[in-house]
Amino acid sequence: MVESSTNRPRVWRWIAGTLLILVSWTLVGAILTAAIAHLFQLDLKALAGSDPESRAKLSTYPTWRSASAILISFLPLLTTTLLAYRTILHKPAMGIFSETLKLNPRRIGRGALVMSGLLIATSLPDLFLNRSDYTFTFKASQFIPYLAIAAILIPMQTSAEELFYRGWIQQWLDNGRRPIWVVCLANGALFALPHLANPEVNGELFLAVIGYGATGFMFSWVSFRDRSIEISLGAHAANNLLAGLLVTSADSALPSSSIWTTPTVTWGPAAIVSVLIVPIFIWLTRKPADKVTP
């Protein structure tokens, strides 16, 4: 979302707020994960590990329990970003969502609908043409409880990331003088960085940067264009929900009970698809009078 260059908070406020957010996310998030792991008798090392032994142990737990322990760590990112925006920047909390200080559920729904359509349209052909790469892993006894947890905690996780990257970070980057390309490229790169630690990256850093970076760029562009993060809120949630419920990889950072599973992420095609859907998503989510000045 673009913020007016007038009355911008001083740089030290952005820095202080960012440090507070990151420390809270790291420390309080770890405490919450440890608490849920203790409650569900999960091995913390297995939750945090990406080695074969950890992944094997993690697979013995009910996926809804493992996912709960991991996703709950994003709660401090959500709450502290809102708190920092209100108390450190001294701005209305709703301003991080939209310049209008209101949320339009229809725009959130549109982002989710367009993203879901694009993901299904690009995934189903491969599913039918390369059936041997997919394993049908649907089990109702696991899928139903996971669905209940995912429906609550995945939107919380994605909203937390959108508030931080497309709300907090993007408003900091956009000083009213930088071109949209600079802001969105920087935002996409910053969005990609923490995802490179995910086990599914599997050493494919360059292609993973393109894949995650393209998605971050896309969400950043529509947020800049609309002066709100409504579209990206819906799209990000839809993306992660479908990844957990429809098709996932066996080495995914987030345990899930998906209908189909692939052994690993094929990063070449994944990166190409991520780049190709950027202009389509931007076009499909536009409003009739949308105009962006480069």
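## A buried serine

Ser 258 is buried, at a relative accessible area of 2%; here buried means under 20% relative accessible area, exposed means over 50%, and partly exposed is in between, using a 1.4 Å probe and protein chains only. This is a predicted model, in which local features need pLDDT of at least 70, side-chain atom pairs count only at pLDDT 80 or more, and totals for chains, interfaces and linings use all residues. Residues are numbered from 1 along each chain as its sequence is written, and side-chain values use heavy atoms, with hydrogens and water left out.

To find Ser 258 on your screen, look in the loop between β2 (247–249) and β3 (260–262). Strands are DSSP runs of E with at least two residues, helices are runs of H or I with at least four, and both are numbered from the N terminus.

## What surrounds Ser 258

Let's start with the polar partners. A polar atom of the Ser 258 side chain lies 2.7 Å from the backbone oxygen of Trp 260. The side chain of Ser 258 also makes a polar contact of 3.4 Å with the side chain of Thr 261. Such a contact is a pair of N or O atoms within 3.5 Å; within protein, one must be able to donate a hydrogen and the other to accept it, and residues adjacent in sequence count only if both atoms are side-chain atoms.

Setting aside neighbours within four places in sequence, Ser 258 is in contact (heavy atoms within 4.5 Å) with Thr 137, Phe 138, Gly 244, Leu 245, Leu 246, Val 247 and Thr 248.

## Salt bridges

Now for the charged pairs. Side chains of opposite charge can pair when their charged atoms come close. The structure holds 4 salt bridges, each defined as a side-chain nitrogen of Lys or Arg within 4 Å of a carboxyl oxygen of Asp or Glu.

One of them pairs Arg 166 with Glu 162, with the closest N and O atoms 2.7 Å apart. Both residues lie in helix α7 (residues 140–173), 4 residues apart, about one turn of the helix. Arg 166 counts as buried because its relative accessibility is 0%, and Glu 162 is likewise buried at 0%.

Another salt bridge joins Arg 107 to Asp 226, the closest N and O atoms being 2.7 Å apart. This pair links distant parts of the chain: Arg 107 sits in helix α6 (residues 105–129) and Asp 226 in helix α9 (residues 205–226), 119 residues apart. Both Arg 107 and Asp 226 are buried.

Asp 226 also meets the side chain of Arg 225 in a salt bridge of 2.8 Å, N to O.
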